[in-house]
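Hi,

Here is the structure I promised to pass on.

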Amino acid sequence: MATRIREKAKVRKETADKRPRATARYVRISSRKVKIVIDLIRGKQVDQALAILMYTPKAAAPVVLKLLNSAIANAENNLQLNREDLYVAEVFANPGPTLKRYVARSRGSASPMLKRTSHITVVLDTKK
């Protein structure tokens, strides 16, 4: 039933977002905890966002810092954009798959332990 595969792929490629981005998937931090950190850098210049992340004492800060550096490198190397013109246009964290484990409780019972993961995406853009 897959008809017009080439035409659909061509349209998808033409309408794709051309902004530099970086994605970290299956990060072993809850997306709820990551959202606290990414709210600090949304809309900021990249150098200002890097400075904020360097001194943020949260577990998600080093992960987001590494991801932001990757997005900056993608912008400079792949799209030949100037670093001074870049800002954080979009940044979001979606929940990933949850690892379901059990922890022992009293009298031989067990309670579920949910080890949550997240998918984090950083999209940069240039100032007009």
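**How α2 and α3 pack**

On the α2 side the contact is made by V37, L40 and I41, and α3 brings A49, I52 and L53 to it. By residue class, the contact of α2 with α3 has six nonpolar residues, no polar ones and no charged ones. Please keep in mind that this is a predicted model.

**The chain as a whole**

The chain has four helices and five strands. Reading from the N terminus, the order of the elements is α-β-α-α-α-β-β-β-β.

As for overall dimensions, the C-alpha trace spans about 65 × 50 × 20 Å along its principal axes. The radius of gyration of the chain is 19 Å, whereas a compact globule of 128 residues would have one near 14 Å. Of the 128 residues in the chain, 30% are buried. Among contacts with a separation of 6 or more, 70% are between residues 24 or more positions apart.

**The nonpolar core**

Which residues touch the most other members of the largest nonpolar core? They are V34, L53, V64, L68, V88, V122 and L124, out of 28 residues in that core. At least two core residues come from each of these elements: β1 (21–27), α2 (31–41), α3 (46–54), α4 (61–78), β2 (86–95) and β5 (118–126). The largest share belongs to α4, which supplies eight residues.

Setting aside neighbours within four places in sequence, L124 is in contact with R19, P20, V46, L68, A71, I72, L86, Y87, V88 and A89. Two of these partners, L68 and V88, are also on the list of core residues that touch the most other members.

**A closer look at T121**

One more residue to look at in your viewer is T121, which sits in strand β5. Is T121 buried or exposed? With a relative accessible area of 7%, T121 falls under the 20% cut-off, so this residue counts as buried. Leaving out residues up to four places away in sequence, T121 touches R21, A22, T23, L67, E90, V91 and F92.

Happy browsing, and do write back with any questions.

Best wishes

Key: Residues are numbered from 1 along each chain as its sequence is written. This is a predicted model: local features need pLDDT of at least 70, side-chain atom pairs count only at pLDDT 80 or more; totals for chains, interfaces and linings use all residues. Side-chain values use heavy atoms; hydrogens and water are left out. A nonpolar core is a set of buried Ala, Val, Leu, Ile, Met, Phe, Trp, Tyr and Cys residues joined through side-chain atoms within 4.5 Å. Buried means under 20% relative accessible area, exposed over 50%, partly exposed in between (1.4 Å probe, protein chains only). Contact means heavy atoms within 4.5 Å. Ala, Val, Leu, Ile, Met, Phe, Trp, Tyr, Cys and Pro count as nonpolar, Asp, Glu, Lys and Arg as charged, and the others, Gly among them, as polar. The radius of gyration is taken over C-alpha atoms; the globule rule is 2.2 Å times the number of residues to the power 0.38.
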